[in-house]
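The sequence and structure are shown first.

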Amino acid sequence: MTKIGTSLATAMLMAAGTGVHAGEATKASFGQTPDGKEVTVVTLTNGHGMTAKILSLGAALYALDVPDRNGKPADIVLGYPDLKGTFAKPQYFGDTVGRYANRIAKGRFTLDGKAYSVPVNDGPNSLHGGKVGFDKVVWTVDKVTSGARPSVTLTYVSPDGDQGYPGKLTATATYAIDDKNELTIEYTATTDAPTIVNITNHTYWNLAGEGSGSVMDQRLTIAGDAYLPTDATAIPTGEIRNVAGTVFDFRKAKPIGRDIRDAKEQQLVFGRGYDHNWVISRKEAAQPREVARVSDPKSGRVLSLWSAQPGLQFYSGNFLDGTTSGKSGGIYRQGDAFALEPQLFPDTPNQPAFGSARLAPGQTYRNVMVYKFSVE
């Protein structure tokens, strides 16, 4: 294991008993891909009970230890114990997903008058960038930094035509933690030709602890007055529907599972639960604001998610089917985790009313998400 140096001044302060907690960043090997590429794990610690582990495969959040109300840390993100499961049955655990996160109808879109096709890998549609999206490639670990805000920056260069997308896209993913137990993930991308971009993180959360069972009693708030209904293949119909009076109303905190089995709601039948995009705003905000909050009565952990993105995909772990054994040896079943993914609206390239996913040369795509942890 290689330790990335803590400054001498900080180390001396710690030794003097001043109470300063220096963050640390270390990196080590996590194994190899089937084709022999080395996979690196970077571990970030803040001295306040938070530890994050990031894999170069998929620029993924592999683990996140956060203290409960009694100060006892536990890993609260789902994942495989090793790379074997990742390749045998990919499920986007903690992954960076792109170039276009979420779905593109029938794997087709038009940009600047030219038609493009991308791989279909989710029924009739393209999901999370196609068959070999950002989650299935090894990113380069560019920078690892210790100190008050330990961080890691990873880079992936997606060549022109990769998975059918135009333009050479250079993407970065930066993970950082601080002494307030906040995790920040920042994605950026630049291109040498017009293209479409929508990058987000697909962590599966369970605030009671990975492998601890159902999240249906965990209480969710979403700061959205509307959501996007879908067809049976999970493509938005184009309607922006008010949540008032529906099972999609999370404007006040309620247990995730309270209404999830309401068979009268066709949208829940289509998704086998919640797998929909909430409309936080009609366009990107100037600064991140709180878009969701989740609390776990059992552990006392609270997650507050901040983002400037217009959309938030909420997924209630509907396709966890009891065939996956996780890091702690437990079996993941339906409803054992949730995902909250800040992003542009699904299928935006085919639905102009949703805005634009276009990125041109000279522009920088950016998606910053801040996960603030506390206890109650």
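## The largest cavity

The lining of the largest cavity divides into three nonpolar, five polar and two charged residues. These lining residues are G98, R99, G129, V132, G133, F134, S158, D162, Q163 and Y165. The space inside the largest cavity comes to about 30 Å³, and the count of cavities of 30 Å³ or more is one.

## Confidence of the predicted model

The model is predicted. Its chain has a mean pLDDT of 94, with 94% of the residues at 70 or more. Residues 1-20 have a pLDDT below 50, and this stretch has 22 contacts in the model beyond near neighbours in sequence.

## The largest pocket

The largest pocket holds about 580 Å³ of space. Its lining comprises 28 residues, of which R103, D122, L127, D275 and F319 are the closest to the centre of the pocket. Two elements, α3 (266-271) and β25 (311-315), each give two or more residues to this lining. Sorted by class, the lining of the largest pocket consists of 11 nonpolar, 10 polar and seven charged residues.

## The second largest pocket

For the second largest pocket the volume is about 320 Å³. There are 19 lining residues, and those closest to the centre are E284, L344, S356, A357 and Y365. The elements that contribute two or more residues to the lining of this pocket are β29 (358-359) and β30 (365-375). The lining of the second largest pocket contains eight nonpolar, six polar and five charged residues.

N206 occupies the loop between β17 (200-202) and β18 (219-222). Its relative accessible area is 0%, so N206 is classed as buried.

Two polar contacts of the N206 side chain can be described. One is with the side chain of S212, at 3.4 Å; another reaches the backbone oxygen of G213, at 2.8 Å. Leaving aside residues up to four places away in sequence, N206 touches I76, L78, S212, G213, S214, V215, Q218 and D336.

N181 is placed in the loop between β14 (169-177) and β15 (182-191). N181 counts as buried because its relative accessibility is 12%, under the cut-off of 20%.

A polar atom of the N181 side chain lies 3.5 Å from the backbone oxygen of H48. When residues up to four places away in sequence are not counted, N181 touches N46, H48, M50, P67, Y371, K372 and F373.

## S281 and its surroundings

S281 is located in the loop between β22 (275-279) and β23 (289-295). Its side chain and that of R289 are joined by a polar contact of 2.8 Å. Apart from residues up to four places away in sequence, S281 touches R289, Q309, P310 and F345.

A separation can also be given for S281 and T200: the two are 81 residues apart in sequence, and their C-alpha atoms are 17 Å apart in space.

Definitions and conventions:
Residues are numbered from 1 along each chain as its sequence is written. This is a predicted model: local features need pLDDT of at least 70, side-chain atom pairs count only at pLDDT 80 or more; totals for chains, interfaces and linings use all residues. Side-chain values use heavy atoms; hydrogens and water are left out. pLDDT is the predictor's confidence in each residue, from 0 to 100. Contact means heavy atoms within 4.5 Å. On a 1 Å grid over the protein atoms alone, a cavity is a set of points where a 1.4 Å probe fits but cannot get out, and a pocket is an open set with protein on both sides within 12 Å along at least five of seven lines; lining residues have an atom within 4 Å of a point. Grid points are joined across faces, edges and corners, and a volume is the space filled by probe spheres set on the points. Ala, Val, Leu, Ile, Met, Phe, Trp, Tyr, Cys and Pro count as nonpolar, Asp, Glu, Lys and Arg as charged, and the others, Gly among them, as polar. Helices (H or I, at least four residues) and strands (E, at least two) are DSSP runs, numbered from the N terminus. Buried means under 20% relative accessible area, exposed over 50%, partly exposed in between (1.4 Å probe, protein chains only). A polar contact is a pair of N or O atoms within 3.5 Å; within protein, one must be able to donate a hydrogen and the other to accept it, and residues adjacent in sequence count only if both atoms are side-chain atoms.
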